[in-house]
Each structure stands twice: as C-alpha cells, then as structure tokens.
Amino acid sequence: MATAHDDARGRPAAERALRPQARTTERREAVLKAAMNVFGARGYNKGALVEVAEQAGMTHAGVLHHFGSKEGLLVAMLKYRDGEEVAGVPARAQTEGPAFLQHLVDTVEENTRRRGVVQAYAVLSGESVTDGHPAHEYFQARLDVLREKIAGVLGEVTGNTDPDDLADSASALIAVMDGLQVQWLLNPDAVDMTRIVGRTLDETVARLRARASD
C-alpha cells in the first residue's frame with residue numbers, strides 16, 4: 001500500500017518545489033491584506049506592524065523578513081491596492097479603454113470607505129518629494145503611468161489628438177483627485193469627492209470633444 005510519504009516522493013520535483021513558493025506568496029498576500037486593514041483603520045502612523053503581523057498570523061520579524069520595513073510594506077501595499085504585481089503576488093486584471101474613466105470615479109467612491117489608506121497615501125505622497133525618500137520612485141512612476149493612461153483614454157473617448165491638451169487635462173484631473181483627498185481628510189462633510197470628480201471628468205471630456213471638432 002502506498003503511504004503519504006510515498007505519494008509525496010512520487011510527485012514531480014517541479015511540483016514539490018513550487019509548494020514552498022506558493023506558501024510564501026500566500027503569506028505575503030496575507031500581510032498585504034492585513035496592512036490594508038490596519039492602515040485603513042488607523043492610518044499609517046498609528047498602524048503598528050505588530051498588529052499587521054497578528055492579523056496575518058505571523059511574527060513581527062516575519063513581516064520585516066518579507067517587506068524589509070514599515071515604509072517598504074506600505075509601498076508594497078499601495079502597489080497591491082493598484083493591482084500591480086508585488087512581492088510575488090500576481091497582478092490583477094486592469095481596467096482598460098473608455099471604461100477606465102468610470103473606474104476612476106468608482107475608485108474615488110471606494111476610497112471614501114478607506115480613510116486610513118487615503119490618509120496614508122496623502123501623507124506618503126507629500127513626503128515622497130523629499131530627497132532620498134523610499135517612496136519617491138513609486139509615486140513618480142505611478143503618476144507618470146497614470147497621466148499617460150488617462151491622456152490616452154481621453155483621446156480615445158473624445159477624438160482629441162493634441163498631445164499637450166490631453167496631457168494637461170490628465171494632469172489636471174489627477175490634481176483634482178489628489179487635492180480633493182486632502183480637503184476630504186480635513187473636512188469630509190464639506191467635500192463630496194465622488195460627485196466633484198465625476199463632474200470634473202464630464203466637463204473635461206466635453207471640453208476636449210469641443211476642441212476636437214473645431
């Protein structure tokens with residue numbers, strides 16, 4: 001009779017090698033999800049790595065082993081939130097084409113339920129402009145990619161082919177979204193981020209279409 005030990009030995013070496021890698025990926029994703037919970041509930045400064053570790057079912061040292069530092073974990077969490085591949089966790093499907101514009105509005109709506117994550121993003125993005133900040137490259141690359149993507153979709157939707165007009169419009173839209181987050185954090189009752197971003201987007205599309213038809 002074959003035993004469990006015999007069965008394990010009988011599996012291909014490649015399959016046996018993948019199992020520890022899969023477990024590592026699962027552990028890292030558990031840490032990223034726990035970080036979203038902790039930073040979302042308490043903000044970046046008050047969110048403790050010990051609590052992240054407890055929610056992920058590992059030790060504080062284990063979290064540092066996978067992500068290096070609290071700042072490193074936050075940057076990884078931001079990338080994970082954006083659906084990027086990070087720490088061996090596969091990327092999620094990204095919204096492309098005209099649907100991306102509605103996705104922006106939906107993301108703003110979702111962020112109204114994640115105050116801690118929004119707060120952490122606002123603080124870290126502001127700090128990232130200082131020399132040597134560990135999140136500088138992340139935020140720089142994120143803005144470059146986002147600006148290019150928004151400009152491309154705006155051009156597709158409106159028929160406007162002026163690269164400067166599209167790039168300027170994309171930069172202005174990003175500025176509105178990021179600036180509104182700060183206003184909302186300071187006084188959430190005074191600012192309806194979702195409504196304002198939706199209106200700004202509609203006005204931007206209408207203006208670009210009008211210029212395209214001139």
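I began with charges over rings, where a charge sits over a ring if NZ of Lys or CZ of Arg is within 6 Å of the ring centre and within 35 degrees of the ring normal. Before using that rule I noted that this is a predicted model, in which local features need pLDDT of at least 70, side-chain atom pairs count only at pLDDT 80 or more, and totals for chains, interfaces and linings use all residues. I also noted that residues are numbered from 1 along each chain as its sequence is written, and that side-chain values use heavy atoms, with hydrogens and water left out.

**Entry: charges over rings.** I found Lys149 over the face of Phe100, 4.3 Å from the ring centre. I also found the charged end of Arg92 over the ring of Tyr80, at 5.0 Å from its centre.

Entry: I took helices as DSSP runs (H or I, at least four residues), numbered from the N terminus, and contact as heavy atoms within 4.5 Å. Axes are lines fitted to C-alpha atoms, for helices over the stretch in contact, and angles run from 0 to 180 degrees between N-to-C directions. Angles under 35 degrees count as roughly parallel, over 145 as roughly antiparallel, 65 to 115 as roughly perpendicular and the rest as oblique.

The axes of H6 and H8 come within 9 Å and cross at roughly 125°, which makes H6 oblique to H8. Phe100, Leu101 and Leu104 of H6 make this contact with Leu146, Lys149, Ile150, Val153, Leu154 and Val157 of H8. I sorted them by class (Ala, Val, Leu, Ile, Met, Phe, Trp, Tyr, Cys and Pro nonpolar; Asp, Glu, Lys and Arg charged; the others, Gly among them, polar), and the contact of H6 with H8 has eight nonpolar, no polar and one charged residues.

Helix H6 (residues 99-111) also packs with helix H9 (residues 163-186), at an angle of about 10° and with the axes 12 Å apart, so H6 is roughly parallel to H9. Here Leu104, Val108 and Asn111 of H6 meet Leu173, Met177, Gln181 and Trp184 of H9, and by class the contact has five nonpolar, two polar and no charged residues.

**Entry: aromatic pairs.** I counted rings of Phe, Tyr and Trp (its six-membered ring) as a pair if their centres lie within 6.5 Å, with planes under 30 degrees apart stacked, over 60 edge-to-face and the rest tilted. By this rule there are two aromatic pairs. Tyr121 and Phe139 are edge-to-face, 5.2 Å centre to centre with 65° between the planes, and this pair links distant parts of the chain, Tyr121 being in helix H7 (residues 115-127) and Phe139 in helix H8 (residues 136-158), 18 residues apart. The ring centres of Tyr138 and Phe139 are 4.9 Å apart with the planes at 75°, so this pair is edge-to-face. Tyr121, Tyr138 and Phe139 form one aromatic cluster.

**Entry: two single residues.** Not counting residues up to four places away in sequence, Leu73 touches Val31, Leu32, Ala35, Leu49, Val52, Val63 and Phe67.

Arg28, in helix H2 (residues 13-46), counts as partly exposed because its relative accessibility is 23%.

Note on methods. Helices (H or I, at least four residues) and strands (E, at least two) are DSSP runs, numbered from the N terminus. Buried means under 20% relative accessible area, exposed over 50%, partly exposed in between (1.4 Å probe, protein chains only).
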